[in-house]
Amino acid sequence: MKIWVDADACPTVIKDILYRAAERKQLELILVANQMLRVPPSKWIKTKQVESGFDVADDFIAQSCEAGDIVITADIPLAADVIKKGGQALSPRGELFTTANIGSRLNMRDFMDTMRSSGEHTGGPPPLHQRDRMAFANELDKLLARVR
């Protein structure tokens with residue numbers, strides 16, 4: 001089992017939680033981004049720099065992850081691909097994407113994309129709060145407890 005991170009947009013505080021979890025559980029953590037990343041020295045933590053471009057990191061993760069892996073992403077289509085492969089997808093805010101909720105999440109994403117395309121200003125995501133960090137850490141602990 002591996003933990004994959006869609007690292008371009010992943011907040012630093014979430015990465016820090018993941019670094020500690022990888023060390024504690026001795027699990028391979030792979031951060032994928034289209035830029036160079038600094039990570040703590042560890043045999044458990046790796047980076048993969050992909051070319052710049054739309055969804056290049058997402059596509060790499062979707063192709064590379066396997067059933068049982070955990071993927072950290074806020075990208076709904078990537079989460080859907082991970083679930084189809086039998087993996088677990090968790091957002092940096094602690095939302096676990098499942099077969100039960102991914103369809104509605106995809107529909108909402110598509111609706112918001114249509115709104116933005118028509119010129120509607122929908123705003124970005126709210127700032128990450130302490131409760132989001134705690135929700136992420138708690139959900140990650142639950143996932144890691146199930147696999148070990």
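**Buried cysteines and an open mixed sheet**

With a relative accessibility of 6%, C10 counts as buried (under 20% relative accessible area; exposed is over 50% and partly exposed in between, with a 1.4 Å probe and protein chains only). C65 is likewise buried, at 2% relative accessible area. The model is predicted, so that local features need pLDDT of at least 70 and side-chain atom pairs count only at pLDDT 80 or more, while totals for chains, interfaces and linings use all residues. Residues are numbered from 1 along each chain as its sequence is written, and side-chain values use heavy atoms, without hydrogens and water.

The structure contains 0 disulfides (pairs of cysteine sulfur atoms within 2.5 Å). C10 takes part in none, its nearest cysteine sulfur being that of C65, 16 Å away; this separation is too far for a bond.

An open sheet of mixed pairing is built from 6 strands, ordered β3-β2-β1-β4-β5-β6 (DSSP E runs of at least two residues, numbered from the N terminus, as are helices, which are H or I runs of at least four; paired strands share at least two DSSP bridges). Strands β3 (45–49) and β6 (96–97) form the edges, each pairing on one side only. Between β4 (residues 70–72) and β5 (residues 88–90), the pairing is parallel and spans 3 bridges, with I70 opposite Q88 of β5. Helix α2 (residues 56–64) packs on the sheet and touches β1, β2, β3 and β4 (heavy atoms within 4.5 Å).

In helix α3 (residues 76–84), the buried residues are I76, L78, A79, A80, V82 and I83. The helix is followed by G86, with a positive phi near 90°.

Notes: Axes fitted to C-alpha atoms, helices over the stretch in contact; angles between N-to-C directions.
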